[in-house]
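Subject: Structure handover

Hello,

Here is the structure I promised to pass on. Please open it first, then read the notes below.

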Amino acid sequence: MYLLLLPSALLITAVVLYPTLYGMQMSFREMRLNRPDLGTGFVGLRHYERMLSDPVFWVSLRNTAVWVTFSIVIEFVVGLIAALALNRNLPGTKVLAVLILLPYFLPNVVAGHMWALMLDPRLGVINDLLVRIGLLEGYKAWFADPGTAMAAAIVVEAWHSFPFFTLLLLAGLKGIPTDLYKAADIDGAGPFAQLRLITLPMLRTIIAAAVILRVIGLVNSPDLLLILTSGGPGRSTQVLSLYAFQTAYRDFNFGYAGALSVVMFVFLMVFAWAYIRITKVNQE
């Protein structure tokens with residue numbers, strides 16, 4: 001039996017374990033491609049010590065918390081509403097399902113450039129509509145204002161990724177027995193009571209899995225922010241993954257970028273463990 005598992009174990013080691021361990025050991029070495037004279041020697045915890053006094057790291061950590069928290073909340077709420085609507089099987093829901101899923105089919109590069117154009121302060125159609133209906137006095141540079149750049153980026157991210165929650169929650173809704181809702185109707189429970197007492201508890205495992213997967217995706221994917229703001233203005237949208245990317249491929253400091261990546265890895269592991277403990281999904 002162990003011989004049958006050997007190919008899979010070797011594949012996992014080659015594809016997953018080795019790159020992960022190599023990235024971790026890189027965080028303890030000096031690796032600057034633009035400074036070959038420094039070599040690649042062992043530096044211990046120097047990168048992590050630098051991190052404690054790095055103001056950009058702390059700003060990025062705070063922005064990451066804001067970016068992930070608000071994106072997850074909006075995506076979950078909108079995804080749940082969409083899933084509940086599609087689950088009613090009313091006329092036209094199949095067409096509506098295709099329209100709802102369209103944003104998720106778009107690559108981040110396409111979605112980012114599309115929204116950057118629509119929110120452009122000179123040519124953006126959204127600015128034009130808001131000015132015409134009186135909500136804005138003039139065209140606004142959403143991604144150039146530190147007060148609105150993060151909020152605008154979160155809206156773009158939520159629009160692009162809420163179908164992820166819709167798909168998983170809709171699959172979960174299909175598995176809830178209708179007898180539960182019929183019994184709740186007989187007992188006089190309204191729609192909101194049924195949502196609180198039946199739907200959400202029955203979807204707890206799916207919600208936990210979806211939240212963990214989306215948090216991992218949001219923390220590790222800087223592509224949308226890289227397209228929309230590049231971390232600006234004034235680092236108002238700088239997150240850890242973007243900081244690590246820029247440190248590696250702009251400053252060519254792969255050692256420090258590796259340390260940032262290890263910190264993100266530890267944060268994600270701690271979050272996943274704490275979230276599972278709090279939601280108690282592992283006890284079902």
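Helices (H or I, at least four residues) and strands (E, at least two) are DSSP runs, numbered from the N terminus. This is a predicted model, in which local features need pLDDT of at least 70, side-chain atom pairs count only at pLDDT 80 or more, and totals for chains, interfaces and linings use all residues. Residues are numbered from 1 along each chain as its sequence is written, and side-chain values use heavy atoms, with hydrogens and water left out.

The annotated stretch comes next. The unreviewed UniProt entry places "domain: ABC transmembrane type-1" on residues 61–275. UniProt positions follow the numbering used here, feature names are shortened, and annotations may be inferred rather than shown by experiment. Residues 61–275 are 74% helix and 0% strand. The end C-alpha atoms of that stretch are 19 Å apart.

Now the core. A nonpolar core is a set of buried Ala, Val, Leu, Ile, Met, Phe, Trp, Tyr and Cys residues joined through side-chain atoms within 4.5 Å. Buried means under 20% relative accessible area, exposed over 50%, partly exposed in between (1.4 Å probe, protein chains only). The largest core has 58 residues, and Met51, Phe57 and Trp67 have the most contacts inside it. Among the elements giving it two or more residues are H2 (46–52), H3 (55–86) and H13 (254–279). H7 gives the most, with 11 residues.

Phe57 touches Met51, Leu240, Tyr243, Tyr256, Leu260 and Val263, leaving out residues up to four places away in sequence. Contact here means heavy atoms within 4.5 Å. A second, separate core has 5 residues, including Met26, Met31, Ala248 and Phe254.

H12 is mostly covered, with 8 of its 10 residues buried. Leu240, Tyr243 and Ala248 are among those buried residues. The buried residues of H12 pack against H3, H10, H11 and H13.

How do H3 and H10 pack? Their angle is about 140 degrees and their axes are 10 Å apart. Axes are lines fitted to C-alpha atoms, for helices over the stretch in contact, and angles run from 0 to 180 degrees between N-to-C directions. The contact includes Trp67 and Phe76 of H3, and Val211 and Arg214 of H10.

One last residue. Gln194 lies in helix H9 (residues 191–202). Is Gln194 buried or exposed? Gln194 is buried, because its relative accessible area is 11%. Beyond its neighbours within four places in sequence, Gln194 contacts Tyr181, Ala184, Asp185, Ala189 and Thr199.

Best wishes
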